[in-house]
Amino acid sequence: MTSSFYPPLRTLMGPGPSDVSPRVLSALARPTIGHLDPLFVDLMDQIKTLLQYAFQTDNELTLPVSAPGSAGMEACFVNLVTPGDTVIVCQNGVFGGRMKENVERCGATAVMVEDNWGEPVGIDKVAAAFDRHPEAKLLAFVHAETSTGVRSDVAALCALAASHGALSIVDAVTSLGGIELLVDAWGADAVYSGTQKCLSCIPGISPVTFSPRAVELIRNRKHKVQSWFLDMQLIMGYWGGSAKRAYHHTAPVNDLYALHEALLMLQEEGLEAAQQRHRRNHEGLVAGLEAMGLAMAVAPEYRLPQLNSVLIPEGVDDAAVRNALLREYDLEIGAGLGALAGKTWRIGLMGFASNERNVLYCLGALDAILARAGAAINSGKAVPAAREVFDRQAGAASA
Ligand SMILES: *Cc1c(COP(=O)(O)O)cnc(C)c1O
């Protein structure tokens, strides 16, 4: 017999989804109304304004795509790339590979700029690619590489693209809400994100924003966009500024209640305060991991506070530790991916999950499991080290 599904109450400290705020979950359960109901149209306008705040943009074409981050990615590529185009794609982890796949499926050529997994996109290499390929129309790269925990320099990369007359496509799935992202000030042209990373929201929606230059390119297309569902010219009829909304698809009404609540929480906290919270909790976590004797996988200057890659100590069984965390502590952390599989754990501190309690809980659980497995760690040091960092931060804040 099947019956209702009641999931356990996990603590989600992996690469996403991350813990969803109870405020967001309760918004989700409010009564469904029609997607063309005037009250829902008002809500859509509010969501757009809140997204413009989160993205730090005045872009008119800013909206949530009704599907996960991968659909936001695809929306950017299918609308901006036409057959025969050249696109420079940066790869320093998993997600650059997906960008390449998108470019090729649009009938265009992807010129790859590769960097080691665990390092940021090399600006000089991108400059050299533009010199070799002056015909390149777009530059695509990932801001926060969730597979490795590395941040790349969006401002420098967008400026480089602009100086070669190219537009930029930026993956901000894991960066939005977690670290600084200034869409207008940095001149990013097409940016997509996700709701289940640093926005404290459920998975399944992808905020996107397009600059006026990107919109012009879309309007001047000769080829129809290959995807009917993701064609921005059609979606603009539903999400566009005019009072008259045309039916395109049924918006995920309750999901958008959730997104609205999550964005409202971000606005109430303030973008900068949210980013500082991510950084403070990251500092506590790193202090704890290092006191335990573990080493971080990424150099401090490129580390993402919301996604912490830590090297698995010699002789420790990767999967056994993660399974024990899940089974005994209801705690999820991520495995390494691709080149880093079996070598790293990825500990997320994203959105609502980025809090002191989660840091202390994760450190305590990891300490207990590693000590029991006989790993060579300094047991008992991690939690006090993190506590000390938090106390110092609190002292500095009240001074
Ligand atoms: C999670 C993620 C995606 C994909 O988002 P989905 O919601 O899983 O489709 C894309 N890019 C990056 C950097 C991500 O972390």
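Helices α5 and α6 are roughly parallel to each other, because their angle falls under the limit of 35 degrees. Helix α5 spans residues 123-132 and helix α6 residues 154-163; they pack at an angle of about 15°, with their axes 10 Å apart. Their crossing is right-handed, that is, the near helix is turned clockwise from the far one by less than a right angle. Axes are lines fitted to C-alpha atoms, for helices over the stretch in contact, and angles run from 0 to 180 degrees between N-to-C directions. Helices are DSSP runs (H or I, at least four residues), numbered from the N terminus.

The model is predicted: local features need pLDDT of at least 70, side-chain atom pairs count only at pLDDT 80 or more, and totals for chains, interfaces and linings use all residues. Residues are numbered from 1 along each chain as its sequence is written, and side-chain values use heavy atoms, without hydrogens and water.

A second pair is α3 (residues 69-80) and α4 (residues 94-105), whose axes come within 10 Å and cross at roughly 45°. That makes α3 oblique to α4. The crossing of α3 and α4 is right-handed.

The residues around the ligand (a heavy atom within 4 Å) include Phe 95, Val 142 and Lys 197. The table gives polar contacts, which are pairs of N or O atoms within 3.5 Å.

| Residue | Residue atom | Ligand atom | Distance |
|---|---|---|---|
| Gly 69 | polar backbone atom | oxygen | 2.9 Å |
| Asp 171 | side-chain N or O atom | nitrogen | 2.7 Å |
| Gln 196 | polar side-chain atom | oxygen | 2.7 Å |

Taken alone, the ligand exposes 380 Å², and the protein buries 88% of that (Shrake-Rupley method, 1.4 Å probe).

Key
A polar contact is a pair of N or O atoms within 3.5 Å; within protein, one must be able to donate a hydrogen and the other to accept it, and residues adjacent in sequence count only if both atoms are side-chain atoms. Helices (H or I, at least four residues) and strands (E, at least two) are DSSP runs, numbered from the N terminus. Angles under 35 degrees count as roughly parallel, over 145 as roughly antiparallel, 65 to 115 as roughly perpendicular and the rest as oblique.
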